[in-house]
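Thank you for making time for this. I would like to walk through one structure with you, going from the overall picture to a few particular places.

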Amino acid sequence: PLDVPPGGSYLAAWNESRYDEDRRLAHQHAFDALLYDQPTFTNTLRCRDRYGVEHWLQEVVTLRALDERRWEMISVATDITALKAADEQIRLVTRQARCVLLHGTVDAAEGWRDWQVDGPSPISWRDVDVVSWEAAQEVLPLDVLPGQTWLEAWNASRQEEDRALAHDHAMHAFLHDEPTFTNTMRCRDRYGVEHWLQEVVTLQPLDDRHWRCFSIATDITALKAAEERLRFVAQNARCILTRAVVTARNGWRESALDPTPQGTPFTWDIEVTNEDAAQEVLPLDLAEGQTYYAAWQRSRFAADQRQASVNSGAAFLHGEESYRNEWRCTDRLGVVHWQQQTSTVQPLSEDSWLVIGIATDVTELKAAEEALRVGAEQLRLVTRHARCILSAGVVEAAADWRERALDADRDPFNWSAVSILNREAAQEVLPLDVAPGEMYEAALARACQPEDQRQATINAGRAFLAGEPSHRWEFRYTDRDGRLHWLQ
């Protein structure tokens, strides 16, 4: 809704309602389309209505030449404000995922396989940079100097020993043709704050001296802090030490792995070496004349106790030197504790053993593991709800590509080395029928509307000609059920 003055047109009022920079960009798009004989072009515009409310509109303009100086124009504009709000939510999710995506091509110098450890690096990463500079700055804000890539600034921010170790990991992967390697590094941001980042790098060889590279770096500062707390817990660990002589009854081998409610085929003569120390680890109320061990067994969860019996029986049956159990216990205040017991087994005869057990409280470790599990689940949900298809690769151009860049019928670019990086997630975004032996990329190309593919070719060519670092286009696809999807 706009205020159209008497004698004025809605188009003039609409043009006036646009943001200045969007108006200038729309004019440039129109000029380019007329100059290069493009049949369509697209504008994305911010406008304010008569009430001052901001709207996002997307306009698709179709042109048909009438003569050298006149064109018939049809324009369809739709309100995409809700879509833009969803985009902002996705950007928020991406920031919360705390990761940096990098991709590009890695080059090696002649004779790189003869590299000496103390020599200069034969590998060049100059063509590798972040997919989104803004997202990278959210994870690790850096001062990037003029002419410097974000990757170079990141490398400079690392601890010297971590930088050297990352180089060694990379060279080992290149020399041994390994498809992935991992780096863990400490970096200082522009404010002097230390961050721990973990980087997983994937390499795809193009030839003997070139690789396609894709890297995902995640901020693990909180995880490192948790690990440090766990190390402190381990250094100050208290334990419950037990000593037991275990005797098996006749026929024990048949029921060693199948404890019944009546018990197991083993008799345990067991004692807790220091009951006062055990009370420090797991405080329990003991009935008059009751041993700590009896109260300890009573405090355990029944399901965990049964699995512990199976594990010990398996160790005796298979002649194992040690085994490990985990169980939950409830202390005198009703608080649940996780404990882990490592037991060593020394045979005394064919059907008796000396078992020494050390049980420690691992409640904090379990909490940390649960936090990691929840974090992994959240990241999986982020991937699902981000609703994106991620692709990367190297595009090669023909010798005369500059003359053919805007000719959709003679596309001078070779896109065969560009591949989908998350095919399983892509199927969630756009479910397609992929034939046996076929890649998702082929099915995706087949599902695209031809006219959208032509426009995408022109948009890409224009971006390559102008040296633009990014470009955007929209496609219509038909999924396996015949439903139409718009993808941007």
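This is a predicted model: local features need pLDDT of at least 70, side-chain atom pairs count only at pLDDT 80 or more; totals for chains, interfaces and linings use all residues.

The protein contains 16 helices and 19 strands. Is it spread out or compact, judged by its radius of gyration? That radius is 33 Å, whereas the globule rule gives 23 Å for 488 residues, and because the value is well over the rule, the protein is more spread out than a compact globule. Along the principal axes, the C-alpha atoms fill a box of roughly 105 × 65 × 55 Å. Of the 488 residues, 35% are buried, and the protein exposes about 29000 Å², with carbon and sulfur atoms supplying 53% of that area. If we take the contacts with a separation of 6 or more, 51% of them are between residues 24 or more positions apart.

Helix α6 runs over residues 160-175, and the distance from its first C-alpha to its last is 23 Å, close to the 22 Å expected for its 16 residues at 1.5 Å a residue. Its buried residues are Asp162, Ala166, Ala170, Met171, Ala173 and Phe174. Which strands do these buried residues pack against? They pack against β4 (99-108), β5 (123-130), β6 (180-188), β7 (194-207) and β8 (210-219). After α6 comes Asp177, which has a positive phi, near 55°.

The other helix is α16, covering residues 450-466. With 17 residues at 1.5 Å each, α16 should span 24 Å, and its end C-alpha atoms are 25 Å apart, so the two values agree. The buried residues here are Asp452, Gln455, Ala456, Thr457, Ile458, Asn459, Ala460, Gly461 and Ala463, and they pack against β1 (40-48), β16 and β18 (475-478). Just after α16, Gly467 has a positive phi of about 70°.

Next, the aromatic rings. A pair of rings is described by how far apart the centres are and by the angle of the planes. The search of the whole structure finds 20 aromatic pairs, and I will describe two of them. In the pair of Phe266 and Trp353, the ring centres are 6.1 Å apart and the planes stand at 70°, which is over the 60 degrees needed, so this pair counts as edge-to-face. Phe266 belongs to strand β10 (residues 266-272) and Trp353 to strand β13 (residues 352-361), so that the pair links distant parts of the chain, 87 residues apart. Are these two residues buried or exposed? Both Phe266 and Trp353 are buried. They also belong to one aromatic cluster, which is formed by Trp252, Phe266, Trp268, Phe316, Tyr323 and Trp353.

The other pair takes us back to α16. The rings of Trp415 and Phe464 also have their centres 6.1 Å apart, but their planes are at 35°, so the pair is tilted. Trp415 lies in the loop between β16 (413-414) and β17 (419-420), while Phe464 lies in helix α16, so this pair ties together parts that are 49 residues apart in sequence. Trp415, at 33% relative accessibility, counts as partly exposed, and Phe464 is partly exposed as well, at 30%.

The charged end of Arg158 sits over the ring of Trp154, at 4.3 Å from its centre, and Lys366 lies over the face of Trp338, 4.6 Å from the ring centre.

Finally, the two single residues. Where does Leu284 lie? Leu284 is in the loop between α9 (275-281) and α10 (292-299), and at 4% relative accessibility it counts as buried. Setting aside neighbours within four places in sequence, Leu284 is in contact with Gln279, Tyr292, Ala295, Trp296, Ser299, Thr330, Asp331 and Arg332. The C-alpha atom of Leu284 is 72 Å from that of Asp22, a residue 262 positions away along the chain.

Glu441 is in helix α15 (residues 440-447). At 18% relative accessibility, which falls under the 20% limit, Glu441 counts as buried. Not counting residues up to four places away in sequence, Glu441 touches Val418, Ser419, Ile420 and Arg423.

Definitions and conventions
Residues are numbered from 1 along each chain as its sequence is written. Side-chain values use heavy atoms; hydrogens and water are left out. Rings of Phe, Tyr and Trp (its six-membered ring) pair if their centres lie within 6.5 Å; planes under 30 degrees apart count as stacked, over 60 as edge-to-face and the rest as tilted. Helices (H or I, at least four residues) and strands (E, at least two) are DSSP runs, numbered from the N terminus. Buried means under 20% relative accessible area, exposed over 50%, partly exposed in between (1.4 Å probe, protein chains only). A charge sits over a ring if NZ of Lys or CZ of Arg is within 6 Å of the ring centre and within 35 degrees of the ring normal. The radius of gyration is taken over C-alpha atoms; the globule rule is 2.2 Å times the number of residues to the power 0.38. Contact means heavy atoms within 4.5 Å. Accessible areas come from the Shrake-Rupley method with a 1.4 Å probe; for residues, only the protein chains shown count as cover. The expected span of a helix is 1.5 Å times one less than its number of residues.
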